[in-house]
Amino acid sequence: MVDVKLLGLWYSPASHKVEWALKLKGVKYEFIGENLQNKSPLLLEFNPVHKKIPVLIHNGKPICESSVIVEYIDETFEGPSILPKDPYDRALARFWDKFLDDKMGAAVNTFLLKGVEQEKGKEEVCEMLKILDNELKDKKFFVGDKFGYADIAANFVGYWLGVFQEASGVELVTSENFPNFCAWRDGYVNCSQVKEYMPLRNDLLAFIQAHASKT
């Protein structure tokens, strides 16, 4: 019997990357919600280096870092391939995964912080959006002709970013400024997989609004 557990947070894009991969592969798993203000002994035991979520525990062995976990899932379990088969496309998918992951912190700061830090975040996010707007012209997917690794990694810019924008009132993404990105995002949020696997927008919006009011 396969024993799969996921330590995560329901509102975390990183957790949802992993859940998405598990669901695509048809893997049954137990989700264990964490509290970052009171981290569980299980999290501290299985990720002693970073003490962060997500952590996948497969037959008692931990795998940490969302991108590493998704690749592990793809290689370990049967089902549709998540990473492209072609080596060049696989390299491209990993590139966009890292690019998007590296920009997430600045994007969150843009919507939750004030003053100098917020302005710095705005500049970085707008630069990111310019790059994505150029890359996504006339494209439904980041790499190739089907949903895959890079598209899962894009869950923050494709889904969470719009919720953060609505919750904070900080409007950075408009169809006038970034038409190609907005066209891609509209297709992304209406994709059946996104609708099935992402948290409910209203729940996420309420959570972010409550969190923002405390900062």
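Biologist: How many helices and strands does the chain have?
Modeller: The chain has ten helices and four strands. Keep in mind that this is a predicted model.

Biologist: And in what order do the elements run from the N terminus on?
Modeller: The order is β-α-β-α-β-β-α-α-α-α-α-α-α-α.

Biologist: Let's take the strands. What kind of sheet do they form?
Modeller: An open one, with mixed pairing. Across the sheet, the four strands are ordered β2-β1-β3-β4.

Biologist: Which strands stand at the edges?
Modeller: β2 (30–33) and β4 (61–64) do. Each has a single partner strand, so one side of each has no neighbour in the sheet.

Biologist: What does the twist average from one strand to the next?
Modeller: The average is 20°.

Biologist: In which sense do β1 and β2 pair, parallel or antiparallel?
Modeller: Parallel, over four bridges. Strand β1 covers residues 4–8. In this part of the sheet, Gly-8 is opposite Gly-33 of β2.

Biologist: Which strands does helix α1 touch?
Modeller: Helix α1 (residues 13–25) packs on the sheet and touches β1, β2 and β3 (55–58). The helix direction makes about 160° with that of β1.

Biologist: Now β3 and β4. Parallel or antiparallel?
Modeller: Antiparallel, again with four bridges. His-58 sits opposite Lys-61 in β4. The two strands form a hairpin with two residues between them.

Biologist: Which residue in that hairpin takes a positive phi?
Modeller: Asn-59, with phi near 50°.

Biologist: New topic: Asn-155. Where is that residue?
Modeller: Asn-155 belongs to helix α7, which covers residues 155–168.

Biologist: Is Asn-155 buried or exposed?
Modeller: Buried. Its relative accessible area is 0%, and the cut-off for buried is under 20%, so Asn-155 counts as buried.

Biologist: What lies 2.9 Å from a polar atom of its side chain?
Modeller: The backbone oxygen of Pro-13. Pro-13 is also among the residues that Asn-155 touches, leaving out those up to four places away in sequence.

Biologist: OK, next is Pro-80. Where does that one sit?
Modeller: Pro-80 is in the loop between α3 (66–76) and α4 (87–112).

Biologist: Why does Pro-80 count as partly exposed?
Modeller: Because its relative accessible area is 49%.

Biologist: Which residues is Pro-80 in contact with?
Modeller: Leu-24, Lys-25 and Asp-74, leaving aside neighbours within four places in sequence. Take Leu-24: along the chain, Pro-80 and Leu-24 are 56 residues apart. Their C-alpha atoms are separated by 6.9 Å.

Biologist: What about contacts across the whole chain? How many join residues at least 24 apart?
Modeller: 69%, among contacts between residues at least 6 apart in sequence.

Biologist: And the overall size? What is the radius of gyration?
Modeller: 17 Å. A compact globule with 215 residues would have a value near 17 Å, so the chain agrees with that. Along the principal axes, its C-alpha atoms fill a box of roughly 50 × 45 × 30 Å.

Biologist: How many of the residues count as buried?
Modeller: 47% of the 215 residues.

Definitions and conventions. Residues are numbered from 1 along each chain as its sequence is written. This is a predicted model: local features need pLDDT of at least 70, side-chain atom pairs count only at pLDDT 80 or more; totals for chains, interfaces and linings use all residues. Side-chain values use heavy atoms; hydrogens and water are left out. Buried means under 20% relative accessible area, exposed over 50%, partly exposed in between (1.4 Å probe, protein chains only). A polar contact is a pair of N or O atoms within 3.5 Å; within protein, one must be able to donate a hydrogen and the other to accept it, and residues adjacent in sequence count only if both atoms are side-chain atoms. Contact means heavy atoms within 4.5 Å. Two strands pair if DSSP finds at least two bridges between them. Axes are lines fitted to C-alpha atoms, for helices over the stretch in contact, and angles run from 0 to 180 degrees between N-to-C directions. The radius of gyration is taken over C-alpha atoms; the globule rule is 2.2 Å times the number of residues to the power 0.38.
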